[in-house]
Amino acid sequence: MRIVDLSITLKPTDAARKLRLRRIQVESFNPDVRELAGQWYIAHEVEFTSHIGTHIETPYHINPAGSDLATLPLDTLCGEAVLLDLPGLDDEQPIGPELLMEAEARAGGIHPGDMVLVNIHYARFYGTAKYDRSPFFTIDAITFLKNRGIKFLGVDANGAEVPHDDSHPNHHALLDAGIPIIENVANLDSLQRKRFHLFAFPVAIEGLESFPIRLVAIEDILSNS
């Protein structure tokens, strides 16, 4: 088996959105512990925006009755995954169902219940102005993926949304159907297989809609797919 990390490493010094670490004394929250002189035994308070780096968005993001981090079914966050590769796209190019069908054919098909990752080859622009002009899915493309029976969508861009549309049609189409979104996926070019196992577990926090994750693919190196 081959393990591939598909997550952005967050650094407080260069995070595009709020990420602050503050070292605290362990005894400040656990009075039974005493830090000895010269001892390295540390803890931190962490403050960050929930939509930072490689992060999951749950239905609660746009629906007050939707699943949050604590109630999202675990089987939605792991399983068989397929990579749809879309090279050669232009800034702000619409991605319609035709492009997805071509990528699906190259990948050997999307199976019902698949987790789907789409490589638009914009991860290398993360943190730049060009990243904000990434290609985007049309609502017809999202409908195409939903009709294939996917349970999860990830993309190496800052969103799966139609630009400048504050009604967020793609988010509603996916999240209202219980299909989580992973934004800012990284290292998709490192995958050697079109099909693999994928794990996307956030911490279970009640009442929270989004959280950065460690997105991990596991490839079968003996597989021909």
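# A tour by selection

The structure holds nine salt bridges, each being a side-chain nitrogen of Lys or Arg within 4 Å of a carboxyl oxygen of Asp or Glu. This is a predicted model, where local features need pLDDT of at least 70 and side-chain atom pairs count only at pLDDT 80 or more, while totals for chains, interfaces and linings use all residues. Residues are numbered from 1 along each chain as its sequence is written, and side-chain values use heavy atoms, with hydrogens and water left out.

## Stop 1: salt bridges

Select Arg2 and Glu219. Their side chains meet in a salt bridge, 2.5 Å from N to O. Arg2 sits in strand β1 (residues 2-5) and Glu219 in strand β13 (residues 216-219), so this pair ties together parts that are 217 residues apart in sequence. Strands here are DSSP runs of E with at least two residues, helices are runs of H or I with at least four, and both are numbered from the N terminus. Now colour by accessibility. Glu219 is buried at 1% relative accessibility, whereas Arg2 is partly exposed at 23%. The cut-offs are under 20% relative accessible area for buried, over 50% for exposed, and partly exposed in between, with a 1.4 Å probe and protein chains only.

Next, select Arg20 and Glu47. The closest N and O atoms of this salt bridge are 3.7 Å apart. The pair links distant parts of the chain: Arg20 is in strand β2 (residues 19-24) and Glu47 is in strand β3 (residues 43-48), 27 residues apart. Glu47 is partly exposed, at 38% relative accessibility.

Move to Arg133 and Asp91. Here the closest N and O atoms are 3.4 Å apart in a salt bridge. Arg133 belongs to the loop between β7 (115-119) and β8 (136-137), and Asp91 to the loop between β5 and β6, so the pair ties together parts that are 42 residues apart in sequence.

## Stop 2: the pockets

Show the largest pocket. What volume of space lies in the largest pocket? About 510 Å³. A pocket is an open set of points on a 1 Å grid over the protein atoms alone, where a 1.4 Å probe fits, with protein on both sides within 12 Å along at least five of seven lines; lining residues have an atom within 4 Å of a point. Select Asn158, Gly159, Ala160, Glu161 and Glu183: of the 25 lining residues, these lie nearest the centre. By class, the lining has seven nonpolar, nine polar and nine charged residues.

Switch to the second largest pocket. About 230 Å³ of space lies there. It is lined by 14 residues, with Ile8, Thr9, Leu10, Pro212 and Ile213 nearest its centre. This lining divides into eight nonpolar, four polar and two charged residues.

## Stop 3: two positive phi angles

Select His164. Its phi is near 65°, a positive value in a residue other than glycine. His164 lies in the loop between β9 (152-155) and α3 (169-175). Is His164 buried or exposed? At 78% relative accessibility, His164 counts as exposed.

Select Asn184. Phi of Asn184 is also near 65°, positive in a residue other than glycine. Asn184 is in the loop between β10 (181-183) and β11. Asn184 is buried, with a relative accessible area of 2%.

## Stop 4: a surface patch

Select Leu74, Phe199 and Phe201. Together they make a nonpolar surface patch of about 290 Å². Patch residues have over 30% relative accessible area and no salt bridge, and nonpolar side chains (Val, Leu, Ile, Met, Phe, Trp, Tyr) are joined within 5 Å. Phe201 is found in the loop between β11 (195-199) and β12 (210-212). At 41% relative accessible area, Phe201 is partly exposed.

## Stop 5: two distances

Draw a line from Gln93 to Phe152. Their C-alpha atoms are separated by 22 Å, and the residues are 59 apart along the chain. Gln93 is in the loop between β5 (78-85) and β6 (94-95). Gln93 is partly exposed, at 22%.

Thr143 is in helix α2 (residues 139-147). Thr143 is partly exposed, with a relative accessible area of 34%.

Note on methods:
Patches are made of residues with over 30% relative accessible area and no salt bridge: like charges are joined within 9 Å, nonpolar side chains (Val, Leu, Ile, Met, Phe, Trp, Tyr) within 5 Å. Accessible areas come from the Shrake-Rupley method with a 1.4 Å probe; for residues, only the protein chains shown count as cover. Grid points are joined across faces, edges and corners, and a volume is the space filled by probe spheres set on the points. Ala, Val, Leu, Ile, Met, Phe, Trp, Tyr, Cys and Pro count as nonpolar, Asp, Glu, Lys and Arg as charged, and the others, Gly among them, as polar.
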